[in-house]
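Reader: I'd like to take a close look at one part of this model, and a friendly walk through its surroundings would be welcome.

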Amino acid sequence: MKKKNSNLSELMQFAGKHKYLTNSSWVLSVISAALALVPFVYIFFIIKEVIEVAPDFSQATHIVFNGWMAVAFAIASIIVYFGALMCSHLSAFRIAGNIRKKTMKHITQLPLGFIGEAGSGKVRRIVNESSRATETFLAHQLPDMAGAVATPIGMIVMLFLFDWRFGLISLVPVIVGFLCMFKMAGPSMAEDMKKYNSALEDMNNQAVEYVRGVPVVKTFGQTVHSFKKFKGSIDNYYKFCVSYCKKCRGPMLWFTTLINSAFAFLIALVLILAGGQSIAQNVLLNFIFYVIFTPIITTALTKVMYMSENGMIVADALERIHSILDLKPLPEVEKSMQPKDNSVQFEDVSFRYSNAQTDALKGVNFSVGAGETVAFVGPSGGGKTTVAGLISRFWDTREGSVKIGGINVKDIRHEDLMNNVSYVFQDSRLLKTSILDNVRLGNPSASESQVLNALHKAQCNDIIAKLPDGIHTVIGTKGVYLSGGEQQRIAIARVMLKNAPIVVLDEATAFADPENEALVQKAFAELSKDKTVIMIAHRLTTVKNADRIFVLKDGRIEESGTHDQLVESNSLYAKMWKDYQTSISWKVSAKNVKSKVKGGVQ
């Protein structure tokens, strides 16, 4: 069994040549903690001298010297601690940056289906928040941890150095406080931290999905309650936080009370030692010293408590980071095979998503000839998007094979496969950069004139004309934003510039308004010339002219044929077409009624 590395050794794997900074911060923090205890010795000398010469205080000749020595050591402690924090912060920033870089680099090597399955909100939180947790741990908590360990050791020495009885009684609240802290921050807390971060992660992921669905919510006048997953994630987070606070309330109350009550134990000891008589000078001297000194216990124990909690937080953060880093990219062949043409074949393909109970595709067989345009339609959840994703190798099949030009996609290197396939997503995204650079993603070496030609073919002339700086306008700055249909046309221009022989259109007109949809369809006509086109669609009017239409239901191909063939048969597609035509008629009728009502009001 492989031994699990400590949190620190895990983090040091990302430190590179900056390990010495972390080690330096630890050493400097220990030195600072030791220096911080020395002023109390000089304070003791001051108290001792004052009590011994009383009431003739003119004989106290060393007070100024001892006072300045206390100040000097306090300042030295601060300066050394500042140096420790400088080292720890420089190390922490570099390690957190390396974690982000390594995680993002690994994500780019994972199949594209990973983001869809995991959820973009969850992935974003792991990359940002988990690496930030390690940064906080290294920058602040690691040097404090070294000081928190060194301080109690020095304290114990000093507690027993002056009077063992006072030292022993001072440790009573410390020991009981530790027991209370262990009950609150013991092994069970590690599991609680995982539950907390999982609840927060789920809420974050559902929030992202909810925001993406806001157009649907506004269109149909729904409330947050229509998104049960989002509301459920908020409720789960609330329930966990409340129950966890109640669980920690008692132990935290006792811990705080005990570590701040050392003076009460000291008073009790003094009364016992006095035995009803006047207090001896040495007892009074030690009592005053310990009353001044023991508050350090509160600070030290509080750091220890948070040290254990933060150790669990960073352990959970590392576990989540490794949940991405431990994922294996799809296997790549050493020598890529080249497809002989643009045909696509599915041979007895079955596929199941991770954590799913049933197959998304079950024994699917079909063939698409080079230059042919085919469409996949059917009820939601039938497997249409899965088919599109397998062509681009977003995932690997569980059984069967997907071939392009007679070559299994597993035998084509990822870079070569992406050169052969372009994908237009349902909800295309543009980067916060210029239109020129957004389109050039399809072909980084393209000239400006080639980009303009692609934009022209993608019906983007009206978009460019209204932008203040044309194709050099940066999206998202100075209030420059594009509608969903406009973004889709820019994305199509990008695909045109790439000029891949196979084009996959996954619900590419789903969010376009009627005017944009017409322009998008014209752009598709240009894009599809001399290419093999795979269309995924719910709007059946967009697939009428396809060479063949495949109807998918429950992961199987129910039927296939041209639009006319399928409409004439008593098939699932015929029923879907009839229902679609009825919905169009309903929309037209509703529009006419609305116009008449509006005319009557006028």
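Reader: Let's zoom in on Asp359: what is its relative accessibility, and does Asp359 count as buried or exposed?

Author: Happy to. Asp359 has 16% relative accessibility and therefore counts as buried (buried is under 20% relative accessible area, exposed is over 50%, and partly exposed is in between, with a 1.4 Å probe and protein chains only). A word on the ground rules: this is a predicted model, where local features need pLDDT of at least 70 and side-chain atom pairs count only at pLDDT 80 or more, while totals for chains, interfaces and linings use all residues. Residues are numbered from 1 along each chain as its sequence is written, and side-chain values use heavy atoms, with hydrogens and water left out.

The partner of Asp359 is Arg398, and the closest N and O atoms of this salt bridge are 2.3 Å apart (a salt bridge is a side-chain nitrogen of Lys or Arg within 4 Å of a carboxyl oxygen of Asp or Glu). The pair ties together distant parts of the chain, 39 residues apart. Asp359 belongs to the loop between strand S1 (344-351) and strand S2 (361-368), whereas Arg398 is in the loop between helix H13 (384-391) and strand S4 (399-404) (helices, H or I with at least four residues, and strands, E with at least two, are DSSP runs numbered from the N terminus). While Asp359 is buried, Arg398 counts as partly exposed because its relative accessibility is 44%.

Arg398 has another partner: Glu399 forms a salt bridge with Arg398, with closest N and O atoms 3.4 Å apart. Glu399 has a relative accessible area of 40%, so Glu399 is partly exposed. Through salt bridges that share partners, Arg352, Asp359, Arg398 and Glu399 are joined into one network. The structure as a whole holds nine salt bridges.

Another of these bridges pairs Asp396 with Arg393, the closest N and O atoms being 2.7 Å apart. Both Asp396 and Arg393 are buried. H13 itself is largely enclosed by the rest of the structure, because seven of its eight residues are buried. The buried residues of H13 are Lys384, Thr386, Val387, Ala388, Gly389, Leu390 and Ile391.

With a relative accessible area of 30%, Gly363 is partly exposed. Leaving aside neighbours within four places in sequence, Gly363 is in contact with Asp348, Val349 and Ser350 (contact means heavy atoms within 4.5 Å). The C-alpha atoms of Gly363 and Glu399 are separated by 8.0 Å, though the two residues are 36 apart along the chain.

Of the contacts between residues at least 6 apart in sequence, 77% join residues at least 24 apart. The accessible surface comes to about 31,700 Å², with 60% belonging to carbon and sulfur atoms (areas come from the Shrake-Rupley method with a 1.4 Å probe, and for residues only the protein chains shown count as cover).

Elsewhere, there is a helix pair to look at. The axes of helix H10 (residues 262-274) and helix H11 (residues 281-293) come within 10 Å and cross at roughly 175° (axes are lines fitted to C-alpha atoms, for helices over the stretch in contact, and angles run from 0 to 180 degrees between N-to-C directions). That makes H10 roughly antiparallel to H11 (under 35 degrees is roughly parallel, over 145 roughly antiparallel, 65 to 115 roughly perpendicular and the rest oblique). H10 contributes Leu266, Ile267, Val270 and Leu273 to the contact, and H11 contributes Val283, Phe287, Tyr290 and Val291. These residues divide into eight nonpolar, no polar and no charged (Ala, Val, Leu, Ile, Met, Phe, Trp, Tyr, Cys and Pro are nonpolar, Asp, Glu, Lys and Arg charged, and the others, Gly among them, polar).

Two further aspartates may interest you for their backbone angles. Asp530, in the loop between helix H19 (514-527) and strand S8 (532-536), has a positive phi of about 60° although it is not a glycine. Asp530 is exposed, with a relative accessible area of 75%. Asp554, in the loop between strand S9 (548-553) and strand S10 (556-561), has a positive phi near 55°. Its relative accessible area is 51%, so Asp554 is exposed.
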